[in-house]
Amino acid sequence: MKSFFQRYTPLQIAIHIYAWSVLVMLIVGYFTGNLSANPIQALEQRTGRHAITLLVLSLACTPLNNIFGWRELIKRRRALGLYAFMYATIHVIIFVDLDYGLAWSLIVRTILEKPYIVVGMIAFLMLVPLAFTSFDIWKKRLGRNWKRLHRFVYLIAPLVALHYAWGKKGDFFRLQGEIIRPLIYSLVIIILLIMRLPQVRKALASLRDRILVLFRKREPQPKADTP
Ligand code: HEM
């Protein structure tokens with residue numbers, strides 16, 4: 001029988017540990033009163049931030065594989081995406097249940113009054129089919145449409161960044177308010193999207209090949225056998 005470390009790679013273990021330990025810490029923090037003066041808001045904000053972080057990490061897998069040739073990243077996209085969905089779902093449950101006590105008319109009024117929540121809701125609704133069809137059985141069933149469907153993540157990520165930035169009520173142009181974090185996430189998302197463009201991908205691939213050739217040239221060559 002394979003041992004634990006033969007079955008799972010360090011990256012796989014790190015992803016699962018990150019996702020579950022954060023959740024355990026949030027639950028313990030909430031029930032021990034260690035979150036902040038406003039624990040529900042803290043839960044809402046932190047689950048939102050973990051959701052966007054995991055979403056960005058899942059988006060980064062393909063470009064990083066293209067640059068560094070780290071093929072394992074491609075296999076980990078699904079886990080990262082599903083954990084992003086898990087945190088987004090918890091985030092939404094906290095909003096409707098803990099924050100608004102399932103008072104649906106109030107929830108609908110709040111959503112309509114605050115456009116950044118409408119944006120978050122659109123992003124969440126778009127995430128649902130991606131999460132449910134992320135399994136191999138759906139990949140087979142949907143064929144080429146699976147790829148088309150999952151390209152929606154390139155729309156979802158900017159929407160989530162907009163939801164984040166807009167909710168913070170900062171001024172992007174004057175760089176005022178709590179805009180640094182949403183700005184960093186937005187920039188990373190923009191860079192990751194640019195890296196998906198075919199011309200940029202080609203340029204990065206040829207850069208990688210040139211660097212590899214350079215490294216190979218520097219490696220000491222085996223001495224030729226003397227006759
Ligand atoms: C129905 C869908 C959603 C609702 C109702 C919702 C609601 C909210 C609310 C009320 C806040 C403000 C919390 C506060 O500062 O008091 C918030 C912030 C946030 N949400 Fe959402 N959200 C939704 C979807 C999403 C999704 C899908 C993601 C990510 C994948 C997300 C990520 C975030 C982030 C990163 C923040 C900012 C956290 C911070 O202030 O540090 N949200 N959301």
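## Salt bridges and helix packing

Arg-76 is buried, its relative accessible area being 11%. In this predicted model, Arg-76 is joined to Glu-72 by a salt bridge whose closest N and O atoms are 2.7 Å apart. Glu-72 is likewise buried, because its relative accessibility is 16% and the cut-off for burial is under 20%. Both residues belong to helix α4, where a separation of 4 residues corresponds to about one turn of the helix.

| Salt bridge | N to O distance |
|---|---|
| Glu-72 with Arg-76 | 2.7 Å |
| Lys-168 with Glu-178 | 3.5 Å |
| Arg-208 with Asp-209 | 3.8 Å |

Lys-168 and Glu-178 form a salt bridge at 3.5 Å. Both residues lie in the loop between α9 (153-167) and α10 (180-194), so the pair ties together parts that are 10 residues apart in sequence. Lys-168 is partly exposed at 22% relative accessible area, whereas Glu-178 is exposed at 54%. In the remaining tabulated pair, Arg-208 is partly exposed at 27%, and Asp-209 is partly exposed at 40%.

Helix α4 (residues 72-99) also packs against helix α6 (residues 115-132), with an angle of about 135° and axes 10 Å apart. The two helices are therefore oblique to each other, and their crossing is left-handed. Among the residues making the contact are Leu-82, Phe-85 and Val-92 of α4, together with Phe-124, Leu-127 and Phe-132 of α6. By class, this contact comprises 11 nonpolar residues, 1 polar residue and no charged residues.

Methods: Residues are numbered from 1 along each chain as its sequence is written. This is a predicted model: local features need pLDDT of at least 70, side-chain atom pairs count only at pLDDT 80 or more; totals for chains, interfaces and linings use all residues. Side-chain values use heavy atoms; hydrogens and water are left out. Axes are lines fitted to C-alpha atoms, for helices over the stretch in contact, and angles run from 0 to 180 degrees between N-to-C directions. Angles under 35 degrees count as roughly parallel, over 145 as roughly antiparallel, 65 to 115 as roughly perpendicular and the rest as oblique. A crossing is left-handed if the near helix is turned anticlockwise from the far one by less than a right angle, and right-handed if clockwise. Contact means heavy atoms within 4.5 Å. Ala, Val, Leu, Ile, Met, Phe, Trp, Tyr, Cys and Pro count as nonpolar, Asp, Glu, Lys and Arg as charged, and the others, Gly among them, as polar. A salt bridge is a side-chain nitrogen of Lys or Arg within 4 Å of a carboxyl oxygen of Asp or Glu. Buried means under 20% relative accessible area, exposed over 50%, partly exposed in between (1.4 Å probe, protein chains only).
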